[in-house]
Amino acid sequence: AMMTLREPWLPTQNADRLAACRQSFAVYEGDLVSLLNIFRQYEVYKDNDDDWAKRHFLNKAILERAVRVKRQIEGYLKLLQLPLESCGH
C-alpha cells in the first residue's frame, strides 16, 4: 500500500530532525522495507497516539490512505477466497 503513494515525509525547516526520523526507520534492505516499517509502526500507534505521525515528520493523510488501500486489498483477497498472509506470517 505504501508503494502506491507519494513519499510520507512532511516538509520541514528542521533538516537534522527529519534526517534523524528517516534514519530511525531506515534498514539495510532498502526503501521498501523502510516504508513497511513506517506503516507497521503507524498501525501500532495510530489509535493511542494522535501525534505519533507528526512527531516523526510523517504525513498522517498519506499513512491513512495506505491503511485504506490495505483494507481494500484485504477485501479483494476475501472476496476471491485467497489466504490473507504476508511472508508466511
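The model is predicted, so local features need pLDDT of at least 70 and side-chain atom pairs count only at pLDDT 80 or more, while totals for chains, interfaces and linings use all residues. Residues are numbered from 1 along each chain as its sequence is written, and side-chain values use heavy atoms, with hydrogens and water left out.

Ring pairs

- Across the whole structure, a search finds four aromatic pairs, where rings of Phe, Tyr and Trp (its six-membered ring) pair if their centres lie within 6.5 Å, and planes under 30 degrees apart count as stacked, over 60 as edge-to-face and the rest as tilted.
- The pair of Y42 and W52 is tilted, because the ring centres are 6.2 Å apart and the planes stand at 50°.
- Y42 belongs to helix 2 and W52 to helix 3 (residues 52-55), so this pair ties together parts that are ten residues apart in sequence; helices are DSSP runs (H or I, at least four residues), numbered from the N terminus.
- Y45 and W52 form a stacked pair, with 5.8 Å centre to centre and 10° between the planes.
- Ring pairs link W9, F25, Y42, Y45 and W52 into a cluster.

Burial and contacts

- Y42 counts as buried at 2% relative accessibility, and W52 is buried with a relative accessible area of 4%.
- Q41, which lies in helix 2 (residues 31-45), touches F25 and W52, not counting residues up to four places away in sequence, where contact means heavy atoms within 4.5 Å.

Notes:
Helix = DSSP H or I, 4+ residues; strand = E, 2+ residues; numbered from the N terminus. Buried < 20%, exposed > 50% of the residue type's maximum accessible area, 1.4 Å probe, protein only.
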